[in-house]
Amino acid sequence: MPRFALTVIRHGETRFNKEKILQGQGIDEPLSETGFQQAAAAGLFLHKVKFTHAFSSDLIRTKQTMHGILEKSKFCKDMTVMYDSRLRERKYGIAEGKVLTELRALAKAAQEEITIFTPPGGETLDQVRLRGKDFFSYLCQLVLKEAGQQEQPSQEAPGNSLESSLTEVFPLGKNSRGGDAAPGLAASVLVVSHGAYMKTLFGYFLSDLKCSLPATLSKSELVSVSPNTGMSLFIVSFEDAEGVTPTVECVCMNLLDHLNGKAGTRSV
């Protein structure tokens, strides 16, 4: 039963985030000073975690966040990052570059709830969901292919080293259902993406893949957009090497310990 860890992090703050201006895909704003500090803090928090793959949206705010994380890493400083447009933020069309209140006004004029409203020229939530589903499917097949080319991880193999490095900073042993009988991780994947995209991707995990959740996760956390550099960890398992139906387990969602001076703690 191949297993891999998926750590998903939202990019650091930009000036437009602070001013509540929609960026989407058309406004390629760099990180603010605060955003760079957040990325560095995330990197320090994760500096002993061993990642095998790194993927990022190809927009500047995610690229800079990924760089800020990896440059602090003890093991992954020189890792090659794959920039993937499927990880981009939702496209907001004519609302990009406008404050959030203007999006609310557009939704009201269209007599639609803002949570489901699509601005002219923007992506529907279903389109964003399909992008997320396509990327996740690609990721699963990549890990399965690479796992099939390796021997099954033993107790002393790299797979266990990957898991133990995650356990240093995430509540993996506490919340994970795998236990000692579970095989070592075949991979540990780091993804840096965007708030609305991540919310939609996590929604796919929950509704379609019946992702299990930690008991400590509140409903408000479940439906909220991740704060800047919020970290979420999932364990993805397969019943067989075909990878037909992955099982997804959420270990934590939108963790912010790195911004609270708690690096190294295991609380959610």
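One definition to start: a residue is buried under 20% relative accessible area, exposed over 50%, and partly exposed in between. And keep in mind that this is a predicted model.

Now apply that cut-off. R15 has a relative accessible area of 42%, so R15 is partly exposed. E19, at 40%, is partly exposed too. These two form a salt bridge, with the closest N and O atoms 3.8 Å apart.

R15 has another partner. E29 forms a salt bridge with R15, and here the closest N and O atoms are 3.3 Å apart. That pair links distant parts of the chain, 14 residues apart. R15 sits in helix 1, E29 in the loop between helix 1 and helix 2. Is E29 buried or exposed? Buried, at 13% relative accessibility.

Next, the helix pair. Helix 5, residues 125-148, packs on helix 8, residues 195-207. The angle is about 70°, and the axes are 9 Å apart. That makes helix 5 roughly perpendicular to helix 8. Helix 5 brings residues including L125, V128, R129 and F136 to the contact. Helix 8 brings, among others, Y197, L201, Y204 and F205. The contact residues divide into eight nonpolar, four polar and three charged.

Stay with R129. Its side chain meets that of D208 in a salt bridge, 2.5 Å from N to O. R129 is in helix 5, D208 in the loop between helix 8 and helix 9, 79 residues apart. R129 is partly exposed at 25%, and D208 is partly exposed at 40%.

Note on methods:
Residues are numbered from 1 along each chain as its sequence is written. This is a predicted model: local features need pLDDT of at least 70, side-chain atom pairs count only at pLDDT 80 or more; totals for chains, interfaces and linings use all residues. Side-chain values use heavy atoms; hydrogens and water are left out. Axes are lines fitted to C-alpha atoms, for helices over the stretch in contact, and angles run from 0 to 180 degrees between N-to-C directions. Helices (H or I, at least four residues) and strands (E, at least two) are DSSP runs, numbered from the N terminus. Angles under 35 degrees count as roughly parallel, over 145 as roughly antiparallel, 65 to 115 as roughly perpendicular and the rest as oblique. Contact means heavy atoms within 4.5 Å. Ala, Val, Leu, Ile, Met, Phe, Trp, Tyr, Cys and Pro count as nonpolar, Asp, Glu, Lys and Arg as charged, and the others, Gly among them, as polar. A salt bridge is a side-chain nitrogen of Lys or Arg within 4 Å of a carboxyl oxygen of Asp or Glu. Buried means under 20% relative accessible area, exposed over 50%, partly exposed in between (1.4 Å probe, protein chains only).
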